[in-house]
Amino acid sequence: MKTKSRIASILKADCLDSAVTGMPTFYLSELILQNDQDFQLPTNVRLGHLAEKIVSELIKLSTNYKVLYENSQIIEDQKTIGEIDFIVENSIDKKLIHMELAYKFYLLDPSISSEFINNWIGPNRNDSLHQKLDKLKSKQFPLLYHSCAKSKFSTIDINTISQALCLLVSLFIPYEFNTKLPPAYQKAVKGYYFNLETFNSIDNPEKQYYLPSKKEWGISPSENEIWNDYKSIENQMNTSLKEKQSVLCWQKYKEDHLSFFIVWW
């Protein structure tokens, strides 16, 4: 994994705004950064924690924000009841922000509900955008006002802190889906998804593939340099699908690059 490509992918990721989330938005584009964003990345963490680490380092490298607290566990009666991702300070106006961060991949299943926001699910159908937003609103953001948080952040006035969400997403729509999405979602669409039968039907010998590891998800496929034919990825792909693990696949065809999910369901 190229470090610079991974960092750039987070910095350029699309952020769902308040029109979708109903919460104030913290945009990484607000960070004033020098041209060279390069730093060491941890190798033994999951994708979500990797994204947190990158965002933390980007804020620290910026000239207009600084991190006061990060990954702060809130403990009550010797039990962790939650964690606050970031409290940052605007270096210019000195305002404080409690910022929650999420880096998610959602697929649109229009059959779930007549409520559009309820139709975005994780690749393996075990999480959803709706559930994530509910948790943020009911648990994550109220945590700041818990009595144990006040003692944790005793050096600052909790009542002066605003709250904002940085929800970085890559969205995928059904193959040959023609319905126009609301603009707030459309800008974050990175590709489509289909089942194995459809994938087999549209494969041809000129197409080359790569199955990125989870830590590579979200990087542009055009950054990739290792490509294989279908036969070279077939066993790995089939094994994952049998284990009910949807597969993210990058494709190179002539000069075009695509990103799509092959789902087991």
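## The largest pocket

Sorted by class, the lining of the largest pocket holds 13 nonpolar, 11 polar and 10 charged residues. Here Ala, Val, Leu, Ile, Met, Phe, Trp, Tyr, Cys and Pro count as nonpolar, Asp, Glu, Lys and Arg as charged, and the others, Gly among them, as polar. Please keep in mind that this is a predicted model, in which local features need pLDDT of at least 70 and side-chain atom pairs count only at pLDDT 80 or more, while totals for chains, interfaces and linings use all residues. Residues are numbered from 1 along each chain as its sequence is written, and side-chain values use heavy atoms, with hydrogens and water left out.

Two or more lining residues come from each of α3 (47-61), β3 (79-90), β4, α4 (129-140), α8 (230-242) and β9 (247-253). Strand β4 provides the largest share, six residues. Helices (H or I, at least four residues) and strands (E, at least two) are DSSP runs, numbered from the N terminus. A pocket is an open set of points on a 1 Å grid over the protein atoms alone, where a 1.4 Å probe fits, with protein on both sides within 12 Å along at least five of seven lines; lining residues have an atom within 4 Å of a point. Grid points are joined across faces, edges and corners, and the volume is the space filled by probe spheres set on them.

## The second largest pocket

The second largest pocket has a volume of about 370 Å³. S9, G218, I219, S220 and P221 are the closest to its centre among the 20 residues that line it. The lining comprises 10 nonpolar, six polar and four charged residues. At least two residues each are supplied by α1 (3-11), β4, β6 (161-174) and β9, with α1 giving the most, four residues.

Helix α1 also contains S5. Is S5 buried or exposed? S5 is buried, because its relative accessible area is 10% (buried means under 20%, exposed over 50%, partly exposed in between, with a 1.4 Å probe and protein chains only). Residues up to four places away in sequence aside, S5 touches I219 and E223, where contact means heavy atoms within 4.5 Å.

L96 is part of strand β4. With a relative accessible area of 9%, L96 is buried. Leaving out residues up to four places away in sequence, L96 touches L68, V88, E89, I156, T160, I161 and S162. L96 and I158 are 62 residues apart in sequence, yet their C-alpha atoms are 9.2 Å apart in space.

D109 sits in the loop between β4 (96-108) and β5 (120-121). D109 counts as buried because its relative accessibility is 8%. Its side chain makes a polar contact of 2.6 Å with the side chain of S111. A polar contact is a pair of N or O atoms within 3.5 Å; within protein, one must be able to donate a hydrogen and the other to accept it, and residues adjacent in sequence count only if both atoms are side-chain atoms. Beyond four places in sequence, D109 touches N119, I121, R125, Y193 and W265.

Which residues of α4 are buried? They are L129, L133, L136 and Q140. Down the helix axis these buried residues fall within an arc of 100 degrees, so they line one face of α4; the arc is that of the directions from the helix axis to the C-beta atoms. An α-helix has 3.6 residues a turn, so residues three or four places apart point the same way. The cover over the buried residues of α4 includes α2 (18-21), β3, β4, β5, β6 and α6 (183-186).

L196 belongs to helix α7 (residues 196-202). At a relative accessible area of 24%, L196 is partly exposed. Apart from neighbours within four places in sequence, L196 contacts Y230, M237, N238, L241, I262 and V263.

## Two positive phi angles

Most residues other than glycine have a negative phi. Q78, which is not glycine, has a positive phi near 65 degrees. Q78 is found in the loop between β2 (65-76) and β3 and counts as exposed at 80% relative accessibility.

E176 likewise has a positive phi, of about 65 degrees, without being a glycine. The loop between β6 and α6 holds E176, and at 63% relative accessibility E176 counts as exposed.
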